[in-house]
Amino acid sequence: MTVWQWLTAAMPLLSVFMLLVLLRMPARRAMPLSFMICAVLTYLVWQVPLRQLAAASAEGVVIAATIVWIVFGAVLLLNVLKQTGALDVIKAGFGAISADKRVQLIIIGWLFGSFLEGAAGFGTPAAIAAPLLVALGFSPLSAVVLALVADSSAVSFGAVGTPVLVGIAQGVPGIGPDTVLQVALTAISIDIAVASCLPLLMVVMLTRFFSEQKSWRAGFAIAPFALLSGLAFTLPAYLVALLLGPEFPSVLGALIGLALICTAARYGVLLPATPWLFKPDDTTPAEAEQATTITPDILSAAPALPLWRAWLPYVLVAMLLILSRIPGLPFKTGLQQLAWHWPAIFGTELTVTVSPLYLPGSLFVLVALVSCFFLRGSATMLRNAVTQSGRMLLPSAIALAGAVPMVRIFLQSDVNSAGLPAMPLALAAEAARYLADSWLWIAPFIGALGSFIAGSATFSNLMFGSFQQAMAAQADLSLTLTLALQMLGANAGNMICVVNVVAAASVVNLHGREGDIIRYTLWPMLFYCLAASSVAWLLLR
């Protein structure tokens, strides 16, 4: 590629890094500007026809609208819980298990978030876990950063195994079911060594970067419990993948982990004698103001709710997500029957389909409406919740309306007059020219690139699966191992994915801090990729 072609292909990455991370622009300004820069360069340098550009942009706007709907549903449910006082009850319930904020982070962010990832995926875990953490006293910035870091390992088998059953199985030509299962088992085998360390990394980040004490020691003091929490998820997930296949490792692994770790925390197993608590000034004034819309305060004089009733909305959400995503049940087909289809957008080969009832946002809204009834809320409370939720959406809608169309242009750029492949494949091919001999270390970063841009580990595996297959043959590496590293890299890219960052930030009303979030999550992403390659190099090559 020429220099201009290379810059054009890399511009979605470069513009996001420069505008969000370096210049610290809010996403509502940075993403529309990135979209315009990328669209102009794609037309002039990559020679993509205007019709293709318009079609890809329209496709992106539709996809962005579905993400906004998911965010709205998550925020609405949260605000209903706040209005009815259920959020205070949930907060007290976690305090009964353990007052230690490190333990609460592990239970909510790592284990409950992994369960939600296994059930639904597609950004749902951070959208639910982050506001729960804020309700427990975490600053909005720490809640979003740590929820995104936690939402990584479980992505391998997220949304009932979609990254494996769709991403790998359909993205790699000629691969059989047995090989697909071996790829999944290899990925989770590496994760037993790598992802089991993530809870420790999360608590160290919490105590060092997001507390007034700025202490490394406080994070490492809980290392035995944190490592136990990591293994409490990864080991059951491996056994489930081995015995039952790739659909339920994240769901069942997280449920088993929750049962084990909640019991261990209640009885103080492997915990320091003194719990670690926030000080009153852990949250800055600016962040406290941003969090006011979700700070738990009881606005009604209704009697205190029992804990089971306060948790029932989230239990319903989890049940509905699982039931609606299991292929063998009739619910998935039924919800997908009502679909809006836009074929041949502007006369191109691009098409987009939306099943509104199947979207997680619709399930959130349904549960929010039902919850207002059985939590003894009033029409005024529901109206306040809807108003607050709608008011928070505008900055996110603007940011996503720029980010997602930019991503779709990047991915659909294979239709051009310059005879060039799609930009992601062009970047990967350039990397292969110079780095084939080191592909064991590069493979996870290709997976992370796909998730960073596309906002989906499934799409990353679909996009780069065949490319990784070719590179495995060229570098004389095991295909199973290379594809496993692709999967793990796609997990890591989920931490810094712009779409996930914008969505999670909007749920806690943290607009304008997206660059700060990526600056924090970039380092755990690098750790995940390098650690996965290191384990592969030491044990499996």
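**Figure 1. Helix H18 gives the largest share of the lining of the largest cavity, three residues.** The model is predicted; local features need pLDDT of at least 70 and side-chain atom pairs count only at pLDDT 80 or more, whereas totals for chains, interfaces and linings use all residues. Residues are numbered from 1 along each chain as its sequence is written, and side-chain values use heavy atoms, with hydrogens and water left out. A cavity is a set of points on a 1 Å grid over the protein atoms alone where a 1.4 Å probe fits but cannot get out, and its lining residues have an atom within 4 Å of a point. Helices are DSSP runs (H or I, at least four residues) numbered from the N terminus.

Figure 2. The lining has 10 nonpolar residues, no polar and no charged ones (nonpolar: Ala, Val, Leu, Ile, Met, Phe, Trp, Tyr, Cys and Pro; charged: Asp, Glu, Lys and Arg; polar: the others, Gly among them).

Figure 3. Lining residues of the second largest cavity include Arg28, Ser396, His511 and Glu514. Helix H2 (27-44) and H18 each supply at least two lining residues, and H18 has the largest share, three residues. Four nonpolar, three polar and two charged residues make up this lining.

How values were computed:
1 Å grid on protein atoms, 1.4 Å probe; cavity = no way out; pocket = protein on both sides within 12 Å on 5 of 7 lines; lining within 4 Å.
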